[in-house]
Each structure stands twice: as structure tokens, then as C-alpha cells.
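Here are some notes for reading this entry for the first time. Please keep the structure open beside them and find each residue as it is named.

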Amino acid sequence: MKQCRLGGLDRFRPVAALLVVAIHTGPLLSWSRDVNYLLCDILARLAVPFFFAVSGYFLVPELRARGVSALLPFLKKGLLLYGLSALLYAPINLYSGYFSQPGLPLELLRDACFNGLFYHLWYFPAVLLGGCIVCLLVRRLRLATAAAVCAVLYVLGLLGDSYYAFTNAIPPLKAFYEALFQCFDYTRNGLFFAPLFLLLGGWLAGRGNRRADGRYAAGLLLSLGLLLAEGLLVKQFHLARFDALYLSLPLCIFFLLCWLRGLDLPARPQLRRWSAAVYLLHPLCILLVRGGAKALGLSALLIENRLLHYLAVVFLSGLLAAPFALVPRKRPEPERGRAWIELDAAALRHNVNVLSGLLPEGCALTAVLKANAYGHGDLECARICQKAGIRSFAVATAAEGARLRRGGVRGDILVLGWSGAGAVPLLRRYRLTQTVASPEHARLLDRCGKRLRVHIKIDTGMHRLGTGWDDAASLRELYTCSHLQVKGLFTHLAASETCSPSDQACTQAQIRRFWHAVETLSGAGLPIGALHIQSSYGLLNYGPLEGCGWVRTGIALYGLLSAPQDHPRICPDLRPVLALRARVAQIHTLEPGEHAGYDGAFTASRPTRLALITIGYADGWPRALSCGRGRVLLHGQPAPIAGLICMDQLLADVTEIPDVRPGDTATLIGRDGDAVLTAEAAAEAAGTITNELLSRLGPRLPRIVGSEA
Ligand SMILES: *Cc1c(COP(=O)(O)O)cnc(C)c1O
């Protein structure tokens, strides 16, 4: 989720809250019944679906990334608010005789689950039940199928609401709805009404705006016109039993959200709390205004005059809600201040699924999360992978493994690199599996006198870490270390990036040698455990190898290749997970001949505008991209880097891009509008590979997980 996209949504919340107050007070009634009907009954119906959709905007990406564990905090918060609100209104229910009605327990249950414990509180059971349904759907089904289910539910809702006349005309259908209405008073509830809008919001959160914002504004106007027309038809032909659900509402909400996101304003969380408080408190304020007006003999002014009545209610609710806007935020959102990384959780899940799909039964996808998950953010990625079903992980060092375990990662964590004796306590405490490189390494670990799980690294020709494949004596010696439990054997391919004849010969020789070593050991009756050979390119160029229990994927998991000219034999649809963005802090205007940056490395050859962008080589953006070798995107257009990249800042030439202003977001990797800068291209321009560029992205960059990057 792009933070500046939330600003528009936040600003519409108070409008939506005031629309709800309008539904309940009829501000235009004393002036014109018809206009009031158009504006305060039909158009104002936007408000509640809008609130559902913004809930979905936050909730659904989380559900897709983290499943039920994202649902629980949502339910907890919702139930708490519902409970408090029900308590607030309990005296009114008591006064109205609600608690002395016949069949109270059943009535309470119906109201608690569907109708709401006070008439406007139906929003809570609706959003809670709807959230559960959507959670179930998005965990089990593809998004499109989930949407279809929600649409069917919505149509069922319509037939019990604005289009009840049709239901009425068909006896079996009517009987069905009469049975339903034993359970709840309206189909305007969590079963039929909320799911579609929750999912719609969530779907939009995972998707960029595809069109110019003017089109969304036009779409919104058109769909509002449709809504009005539909509302009038429904009234004209007396179709409705109740009028909360309309056919054109989902269309209105779609365009409304797209338009609001396009406004690109900074987020205003205090407006969220103020609007929620107005929503909750306004019925109380209606009663207070009525009571107050009667007591003061001002009924004609403050009750009969509907507009003044409305304004009085708005004023009082706004006043009572004001303290809530000022409550300090408990957990600040990760900062998108100067420079940050956005992670697309949906893309990572997608990559896990696609890569797992390439593997045969019994072969597990191992997520390689070394070097802070190639710069992406290790815990962020680990949690998403774990939710997507991954049970084995690999890191380079014991400390990296310990971080994952402390962060709640279960399953196998294999340390691929060398660890000294000093790492043994960490390896044991966090149940990590250590790679053993050689007999000396094995003895070093064994001397600590503590049991350790290990995988044996076999050198089949790369001559990096590992015991020689044909050194049977050394291989057997590894098994004589009584504290080391061998849980697996593996090797690493040196030339799997291409399928050229020489690389193929090299790879096939390595594979043959690996199996030779495995046979030597298993022939001697020694345990061999999980066997693994391939990493990303090994898998993409050779397909899964028979007999392997793991495939260690790094770069492919992140949806990337090492270099843009690589063309693996298998090209599954992998999606980049990471976007890198930074802020425009200042704009400079230069006359021809003026210089900018260190050493005056940039010289203006024409009247020039430079944008100062708050990211530098200390964040991992290579200095090699200075002086036009690298680019950034602003307003969906490329801007060359001007002069030398500094430690914390860089300049980009935005002469060709009108309207770039301080506060704008620059994209260094990722999509901006229709333009994309790939990590592969940036790495190539910097004279390196994607793996290096990304793994150097520094700790100063907050990692922000969203479903959209
Ligand atoms: C880094 C690493 C991997 C992952 O490699 P990718 O090419 O990124 O998939 C696999 N195995 C070992 C031993 C590694 O060091």
C-alpha cells in the first residue's frame, strides 16, 4: 500500500460519516421530500459500503499474507468497539423496553449477530462476520473465485432488499427469504452486504491505478448517476423491502476508491478516528439534541427545522468525537519518510506457489533468506513464506538463523556458511542446522561436546566450501564426530546460469559426482538425510532432479534474475517483490553553465531543474550509477541521475518532467504508473548483478509490507 494513497481515503471518511448522519436525520426534509430522498436516502447509501471497502483495503492484503493471524486482531478490535458501543446504548435500550420483550435471549442473539444491538450498530456484526467470510474465501480460493462468491451473496442480498418485489412474485423464493428473515431483519448484514465491499477494497489495495485519474472521476460521476436512476426506479415501482443494497453501489465504490487513491494526499489517521467516533456517537447526539431542544422550548428551531437539526447533531457529534482525533497513535506505521522499501507480499506468495508447483511430490522448496533476504527484509519475507507453506529456510550465518527463530520461524533453518565454535550456543539454542565443510570443521564443532544437527557440504567442482566428492576417507571421517547428527548432504552448482554446452557438461559432472558421494556414504550404511543440489538457476535450467528433497531458491523467490540477459530454460511467471522509493526534498533551478553536486560533476547545458532525492550510497544505492548511468522514476517518467551520488542523497534531472515538487515519491526500483525500473537493469548499469545490488540495501531503509509494491 502506498501511504500517500491513503490520504484521499482518510479525507472521505468524515464525508461518509456525515452522510450516515444525514440518512438518520433527513436534513432536507423540511425543504423538499424528493431532494432529501435523492441526496440523503439514495446517494448517502455510499457511506457504509465505503467504510466496508476501506476496512477491506487494510484487512484483505493482510489476510492473504498472514491468514487467520491477521484476522484475530481485526476481530478483537471490532468486538471491543462493538461491546463498548453496545454498553453505551444499553440504557437507551433499557428505557425503550428492549430488555423486557418476549423471547429476549433469541432476540439478543439475532441482534448481536446480524441486526446490531442498537439500530445503527449493525455495522459491527456486519464487518466482523464479513471479515470472517472474506478470510475463509481468500485463504481457500483464488481472488476471482472469491469475488464471484461475494457477488452471488450480494445478489441474494439484493433480492431481499431493493428488489424484494421480484422475490415476492416467486412463491418458493419468497418462502426462502421468509425463512431467512426469521434469522435477521434485513439482508443488509455481514452475510450478504459486507463481503463484496470488503473484497473490493482489498482487491484495489493490491492493484495500482491503471488509468488517468480524470477517468476515475468521470466513472464516479457516471456511476453515481446510475445509482440515482436506480434508486428512483426502485422507488417508482415499489420494488424495495428496504433500500440499502443497490446494483450500482459496487461500481460507485470502485470508482470512488480509485479516484480517492489518485488524489495522492498524505495520510490523516486522526480523521479515521474522528469519523468512527462521529459514526458511533451521532445517535446519542440525536437524542441529546431532541431532549435539549424540548427542554429549552426550541423544538421548532432544532427539531422541526430539519437542516438546523442536522447541523446541531453534526456539531455535537463532531465536538464529542474531537478528543478521539487527538488520542496519540499507539503503533506508528513504518515510516515512508525519506527512503523505504515496499514489499509485495502477494508477489512473494505467488512466487512460492509457482516455484513449489515446479517440484515433484516429496521435494520441498527451501527459502534462502541470507543477507536479510537479499536485502528485502528477512523476517518480513520469512513470515510470508511460512504462511505460504514453506517449512525449510536457509541463511548464511548462525546469527541470521537466530534472528529468524526469534522472529517466530518454525521448521528447518540451515546455516549454509561456515560457523566457528563460538556459534555453537546459538546453533543449539535456536535449533539451527549447521553446514559442515570439512573434517577439521567437523572436529572443531564436535569438540564443543554438544549435539548439533548438520548437513554435509560436498565439493563437486566449485571448490568453494565443502569436502571433496571423491575423498571417501574424509567424508566417512565426518561421521565419526559423535556429537554431529547428519541430517542432509548437499552441493552447490558452479555454472547453472546457462545451458551452454560447456556449462551443461560442468553441471552434469557435478551432479554425477554428488550422487557418487551419496552412494559411497549410503553404501557404507551411513545416514544421509535430505539431499539437495540446486538453487534458483539450477531449477530453472534443469528442472527438478530426481531424488532431491530440497531445492534452495533465493533470487527466483524474489521474482528476479541475476542479470537481464539471463534466459533460463523454464521461465515461470515470477513477480518482483521489492520496490525501492525515496522522497523528493527540494527542487533546484540551474542556469546553463551552473554546476551541481560534489566536484561540480553535473553541468547544466540548458535551463535545468534538479530534484534532490533523499537516498544515497549508504542506503545501498551504488555510486557507480552517478552521472546519468542510473535513473529514477518521477510521475511515471524516467529522470537521469545528475552528478555524483552522495552518501545520503542524490540529484535527478527533472527538466523534462513538469510539476515535480518536494514531497513527491521517486521510484528507484519498481513500478510508477506505466513505467518500470527493474532491479536487473539497475544492477547491470552499476556493473554488478541483482543479488549484490539488493543484498546491499541498507538497514536505514524501513521495509514496508503491503500487497502492492
Ligand atoms: C545463496 C545460495 C543459494 C541460493 O542461490 P540463488 O541463486 O539465489 O537461488 C543456494 N545455495 C547456496 C549454498 C547458496 O549460498
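What share of the contacts in the protein chain with a separation of 6 or more comes from residues 24 or more positions apart? The points below start with that.

1. Basis. This is a predicted model, in which local features need pLDDT of at least 70 and side-chain atom pairs count only at pLDDT 80 or more, while totals for chains, interfaces and linings use all residues. Residues are numbered from 1 along each chain as its sequence is written, and side-chain values use heavy atoms, with hydrogens and water left out.

2. Contacts along the chain. The share is 72%, where contact means heavy atoms within 4.5 Å.

3. Overall form. The C-alpha trace of the protein chain spans about 100 × 75 × 45 Å along its principal axes. The chain has 26 helices and 20 strands; these are DSSP runs numbered from the N terminus, helices (H or I) of at least four residues and strands (E) of at least two.

4. Surface and burial. The accessible surface of the protein chain is about 30,600 Å², and carbon and sulfur atoms hold 61% of it. Accessible areas come from the Shrake-Rupley method with a 1.4 Å probe, and for residues only the protein chains shown count as cover. Of the 709 residues in the chain, 53% are buried (buried is under 20% relative accessible area, exposed over 50%, partly exposed in between, with a 1.4 Å probe and protein chains only).

5. Nonpolar cores. In soluble globular proteins, nonpolar side chains tend to be buried together. A nonpolar core here is a set of buried Ala, Val, Leu, Ile, Met, Phe, Trp, Tyr and Cys residues joined through side-chain atoms within 4.5 Å. The largest core has 107 residues, and Leu489, Leu580, Ile613, Trp621 and Leu634 touch the most other members. Beyond four places in sequence, the contacts of Trp621 include Leu580, Ile641, Leu668 and Leu693. A second, separate core has 104 residues, among them Tyr98, Val134, Phe197 and Val314.

6. The ligand shell. Which residues surround the ligand? They are Val368, Lys370, Tyr374, Leu416, Arg464, His492, Ser535, Ser536, Arg552, Thr553, Gly554 and Ile555; a residue counts if one of its heavy atoms lies within 4 Å of the ligand. By class, the shell has four nonpolar, five polar and three charged residues. Ala, Val, Leu, Ile, Met, Phe, Trp, Tyr, Cys and Pro count as nonpolar, Asp, Glu, Lys and Arg as charged, and the others, Gly among them, as polar.

7. Polar atoms at the ligand. A nitrogen atom of the ligand is 2.7 Å from a side-chain N or O atom of Arg552, and a ligand nitrogen is 3.4 Å from one of His492. An oxygen atom of the ligand is 2.8 Å from a polar backbone atom of Ile555. The protein buries 89% of the 390 Å² that the ligand exposes when taken alone. Helix H17 (370-374) and strand E10 (550-553) are the elements that give two or more residues to the shell.

8. Gly554. This residue lies in the loop between E10 and strand E11 (578-590). Gly554 is buried, with a relative accessible area of 3%.

9. Ser162. Ser162 sits in the loop between helix H7 (143-159) and helix H8 (164-169). Its relative accessible area is 0%, so Ser162 is buried. Ser162 and Asp243 are 81 residues apart in sequence, yet 5.0 Å apart in space, C-alpha to C-alpha. The side chain of Ser162 reaches the backbone oxygen of Leu245 at 2.6 Å.

Technical notes
Polar contact = N/O pair within 3.5 Å; in protein donor to acceptor, adjacent residues only side chain to side chain.
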